[in-house]
Amino acid sequence: MSKKIRTEAVEHLFEAVLCLQNSEECYSFFEDICTVNELLSLSQRYEVARMLRNHNTYLEIAEKTGASTATISRVNRSLNYGSDGYDMVFNRIEEKGKK
């Protein structure tokens, strides 16, 4: 992880997120902490990553999500050369679905 984001404030934010217990709590917290556009941007990137992982084309992803090709490329770069955060989450979700 980049040292630039390893701050005390970010650590406090992550602790707050980790204490959320369900989707309703997430909705409440994120509605308070994010603007609608910020939350939609985050969810769009996550959806782009999910679709890339499922081998959808850039065109399919752009049409379904409204993401620009620049955003799709940025997410693809994170999937291929990032900190493996997306893969960690996707793998955990897959494992949870198998139980």
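Biologist: At what N to O distance do the side chains of E47 and K64 meet in a salt bridge?

Modeller: This is a predicted model: local features need pLDDT of at least 70, side-chain atom pairs count only at pLDDT 80 or more, and totals for chains, interfaces and linings use all residues. Residues are numbered from 1 along each chain as its sequence is written, and side-chain values use heavy atoms, without hydrogens and water. A salt bridge puts a side-chain nitrogen of Lys or Arg within 4 Å of a carboxyl oxygen of Asp or Glu. For E47 and K64, the N to O distance is 3.3 Å.

Biologist: Which helix holds K64?

Modeller: Helices are DSSP runs (H or I, at least four residues), numbered from the N terminus. The pair links distant parts of the chain, 17 residues apart. E47 lies in helix α3, and K64 lies in helix α4.

Biologist: Is E47 buried or exposed?

Modeller: Buried means under 20% relative accessible area, exposed over 50%, partly exposed in between (1.4 Å probe, protein chains only). K64 has 57%, so K64 is exposed. E47 has 19% relative accessibility, so E47 counts as buried.

Biologist: Which residues are linked with E47 in a network of salt bridges?

Modeller: E47 also meets R50, at 2.5 Å, N to O. Those two both lie in helix α3, three residues apart, about one turn of the helix. The network links E47 with R50 and K64.

Biologist: Which helix holds D87, the salt-bridge partner of R53?

Modeller: The side chains of R53 and D87 meet at 3.4 Å, N to O. They sit 34 residues apart. R53 is in helix α3, and D87 is in helix α6.
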